[in-house]
Amino acid sequence: KLSKLTDKMNLPTTIKEAYQFGNVTGEKLRDGNGELMTTPTRTLTEHFDDDDNTIQLDKRTDAYSYGSDLIPVGKMDMLGINAAFSGPESIEVIGYIDRSVVLSSSLLMGPAYAYTGGDSKKSRTAIAALSQALEETEKVAFCRFVKMKNGDPRIG
């Protein structure tokens, strides 16, 4: 028995359309081929102030909710936030702490991540030396780790 193996499947996106109705009769309109006439739909968002006046687009800003407050975030702030959290996979050592500070229950499962240095002999040597030095001084590295491109960073 044979079956086809599918690696990737692309589904078509849904196009939202609305039927067109006649102004006088209220019936659905048809084109010259007899098919129902449709028009593409779009989402329109409007914001209003306390006096029910529309707030113009250039007067709006993005905001994040923090509890019951909204914290405004400008375009330059967003560029800085995106730059800090985007990029390739990486691990960055922030600092070193004594092993005694880390709860022993955190060490039962072994290291959460291990880097080998890849194909570079110099990288492998540097990581091996760092690992050995941390073991000898009874310290652990405190790191910022990004597992996948544009993924959320983890601290550990």
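Aspartate 51 is found in the loop between β2 (38-40) and β3 (62-66), where strands (E, at least two residues) and helices (H or I, at least four) are DSSP runs numbered from the N terminus. With a relative accessibility of 60%, aspartate 51 counts as exposed, the classes being buried under 20% relative accessible area, exposed over 50% and partly exposed in between (1.4 Å probe, protein chains only).

This is a predicted model, in which local features need pLDDT of at least 70 and side-chain atom pairs count only at pLDDT 80 or more, while totals for chains, interfaces and linings use all residues. Residues are numbered from 1 along each chain as its sequence is written, and side-chain values use heavy atoms, with hydrogens and water left out.

The chain has three helices and seven strands, arranged along the sequence as β-β-β-β-α-β-α-α-β-β, and 8% of its 156 residues are buried.

Two salt bridges are counted, each requiring a side-chain nitrogen of Lys or Arg within 4 Å of a carboxyl oxygen of Asp or Glu.

| Aspartate 98 | Lysine 139 | 2.9 Å |

Glutamate 135 is exposed at 54% relative accessible area, whereas arginine 99 is partly exposed at 33%. In the other pair, aspartate 98 is partly exposed at 37%, and lysine 139 is likewise partly exposed, at 32%.
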